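Please look over the structure below with an eye to its strands and its open spaces. The briefing that follows is meant to be read beside it.

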Amino acid sequence: QVQLVESGGGLVQAGGSLRLSCAASARTLSSYAKGWFRQAPGKEREFVAAISWSAGTTYYADSVKGRFTISRDNAKNTVYLQMNSLKPEDTAVYYCAAEGGPTAQAMGVMTSRISATYWGQGTQVTVSS
């Protein structure tokens with residue numbers, strides 16, 4: 001059974017940092033593109049960042065560019081989201097996801113359709129002002 005398990009969420013003051021991790025249970029997911037999404041109360045899920053299986057390609061939402069960094073360690077089957085200079089508007093449940101297939105297709109699914117084949121259960125990030 002494929003599982004994605006997020007960790008690292010919590011409460012932080014504005015301007016602070018958090019590092020989210022997402023560990024995959026299935027070895028096959030090391031060849032999948034990975035992404036981070038978030039959903040704030042009363043809002044739709046939105047794309048945050050994505051990374052290709054080789055880590056050669058990354059995409060970011062405009063709202064997080066320059067503050068968030070996505071990375072992955074395929075040997076550990078884990079993807080990370082380093083979040084710096086956090087703002088109260090970053091408060092949300094953060095989900096990691098995995099999408100297979102050719103890189104361009106997988107990245108397009110995540111960035112344009114806000115969709116993916118596999119999802120984690122989410123981790124809460126709360127930024128206080």
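Predicted model: local features only at pLDDT ≥ 70, side-chain atom pairs only at ≥ 80, totals over all residues.

Residues are numbered from 1 along each chain as its sequence is written, and side-chain values use heavy atoms, with hydrogens and water left out.

**Strand β9**
- Seven of the eight residues of strand β9 (residues 92-99) are buried, so this strand is largely enclosed by the rest of the structure; buried means under 20% relative accessible area (1.4 Å probe, protein chains only), and strands are DSSP runs of E, at least two residues long, numbered from the N terminus.
- Strand β4 (residues 33-39) runs antiparallel to β9 and is joined to it by seven bridges, where pairing requires that DSSP finds at least two bridges between two strands.
- Within these bridges, tryptophan 36 has cysteine 96 of β9 as its partner.
- Strand β11 (residues 123-128) pairs with β9 in the antiparallel sense over three bridges, and alanine 92 stands opposite valine 125 in β11.

**Threonine 78**
- Threonine 78 lies in strand β8 (residues 78-83) and is buried, with a relative accessible area of 11%.
- Leaving aside neighbours within four places in sequence, threonine 78 is in contact (heavy atoms within 4.5 Å) with Ser21, Cys22, Ala23, Arg72 and Asp73.

**Lining of the largest pocket**
- The lining residues, which have an atom within 4 Å of a pocket point on a 1 Å grid where a 1.4 Å probe fits, the pocket being an open set with protein on both sides within 12 Å along at least five of seven lines, number 13, and Arg38, Lys43, Glu46, Glu89 and Asp90 lie nearest the centre.

How values were computed. Helix = DSSP H or I, 4+ residues; strand = E, 2+ residues; numbered from the N terminus. Buried < 20%, exposed > 50% of the residue type's maximum accessible area, 1.4 Å probe, protein only.
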